[in-house]
Amino acid sequence: DMTPLQRTRRRMNYAKGNIENKYVMMTTRQYGSADLLDKDHLNEPPTLDDLNQTPGTFAETYWSKGIFRASVVVAGYLTFPLWCKIFINFQTGDPEDFSVVVGQIAPNIGVLYATLLSLTLSVLYQRFTRIQENVSTEAMLLSQITRNLLSLFADEPEWAQESLQIVANQVRIMLSRTRGLELLSIMKADTYANLLAVVDDYHYLNGCNDDFSARQESICGMLRTEFQQITETRALRLSDEASSLPPTHFLLITSLSFVSIVAYVTASLEVVEDLNNPPEEASLLFSGLLALYILFFNFCKDLNGPFAGVYQIKRSNAASHLLQTKWLIVSQLGDKVSFGVNYDDEPQPNEEEEEDKSLVDKMKGFFSGSSEVVDTVESNAMQILDTELQTPIEPLPPDVLDELCEAAPPGLKSLNCDPAAPEYRLLQLQDELARLKWLNEQLNADVDISQVGK
């Protein structure tokens, strides 16, 4: 129902990046190579080559090239006379008198710039480190959960396949999906919540059996603890991923850099006699100052995106644990569990999205090739999440259902065994608790009788 102008304004507001939106969430974020999902690790064990990091594109790393830095120095040296000619036209007073004002402003600008730069680097480095630590911890916990699930369901192949397929889905999310798709999976079918539900269901159906060993009871307890830890770690990781600095922050850095450059040029006018041939020392100092400001700006900008560019997080630790998880699953279950990526990351744009694009977006798409359409990816992702992440709830076998409904201990109220009733699950749990209490009372009564007999 929005007009083309309203859609354009909305996209322009989203493109600024100052607010979190789905376009920001769908940017690239991978903790490993997506090609590892389709690699046959059953016949080809993981190698160190699988941990190689993909280098950034030229558009992301050009600022770190020596030729770019040298060109900035040369450009600053050659354009210094032009800067002097521009700013001398705005000078209306005596240069000596104005130098006093510059002498007061320049130190303050330097302090502000140093403080802002120090704060920026501190925040970005801490975020960078936390993301790397949290994803490594989460991958390690996921590997440990996989081992415990294989141990718990050693004699239950169907339970093992169901639970480990959920683990494979999480490995797929971390290796090849964006943060937006992971948030969609949490809203639609949380991986760790589904795993916890599988363990709870298995413990509920088999916990009172005579063949349910103390080892299995201990594994269930460890899994519940690990699910709590991995859920907290994932929340911290996703929070750090979302805490990037907005573009307004870098606008402040740019503004302070520009004011500092203006202050230097204005102060240099006092020693410049010939505007066409300023002193070599002034030109060299100006070019060095300009190169440093541009270098620091690009350095902070690159550090703000930990998954692209020059300064990327080191994924080898997390990827090794994820590959260990895949290796454990594949070596035990073979091809019964799927790790493959089954949706298109770059769908074709639709008419509504084309109308929603601004002229600048269309020009960028023309020069950069095909671009990802977020709305289409989002709709496709929801369909995939419906099929691959949501664990289907299967009805209980008839013999188990009859046992729960009819084989109640004497004096206890039988279950309402209508599966369509909302309180069906709650009643099952209540009856199980009542049955355990009844068994405990019977055990205590037997103990009292044996003591009286003695």
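The structure is a predicted model. The mean pLDDT of the protein chain is 77, with 72% of its residues at 70 or more. The structure contains 8 salt bridges.

**Confidence**
- The pLDDT is below 50 over residues 362–375, a stretch with 18 contacts in the model beyond near neighbours in sequence.
- Residues 406–416 also stay under 50, and the model has 18 contacts for them beyond four places in sequence.
- Where pLDDT is low, the predicted coordinates should not be read in detail.

- R29 pairs with E241, the closest N and O atoms being 3.3 Å apart; R29 lies in the loop between α2 and α3, 212 residues from E241 in helix α9.
- R237 and E241 form a salt bridge at 3.1 Å, N to O, and are 4 residues apart within helix α9, about one turn.
- R237 is buried, with a relative accessible area of 0%, and E241 is buried at 7%.
- Shared partners join R29, E138, E182, R237 and E241 into one network of salt bridges.
- R130 and D240 form a salt bridge at 3.0 Å, N to O, which links helix α5 (residues 95–152) to helix α9.
- R130 is partly exposed at 34% relative accessible area, whereas D240 is buried at 8%.

- Buried residues of α11 include F286, L290, Y293 and F299.
- L82, I86 and F90 form a nonpolar surface patch with about 330 Å² of accessible area together; L82 is in helix α4 (residues 66–88).

How values were computed:
Residues are numbered from 1 along each chain as its sequence is written. This is a predicted model: local features need pLDDT of at least 70, side-chain atom pairs count only at pLDDT 80 or more; totals for chains, interfaces and linings use all residues. Side-chain values use heavy atoms; hydrogens and water are left out. Patches are made of residues with over 30% relative accessible area and no salt bridge: like charges are joined within 9 Å, nonpolar side chains (Val, Leu, Ile, Met, Phe, Trp, Tyr) within 5 Å. Accessible areas come from the Shrake-Rupley method with a 1.4 Å probe; for residues, only the protein chains shown count as cover. A salt bridge is a side-chain nitrogen of Lys or Arg within 4 Å of a carboxyl oxygen of Asp or Glu. Helices (H or I, at least four residues) and strands (E, at least two) are DSSP runs, numbered from the N terminus. pLDDT is the predictor's confidence in each residue, from 0 to 100. Contact means heavy atoms within 4.5 Å. Buried means under 20% relative accessible area, exposed over 50%, partly exposed in between (1.4 Å probe, protein chains only).
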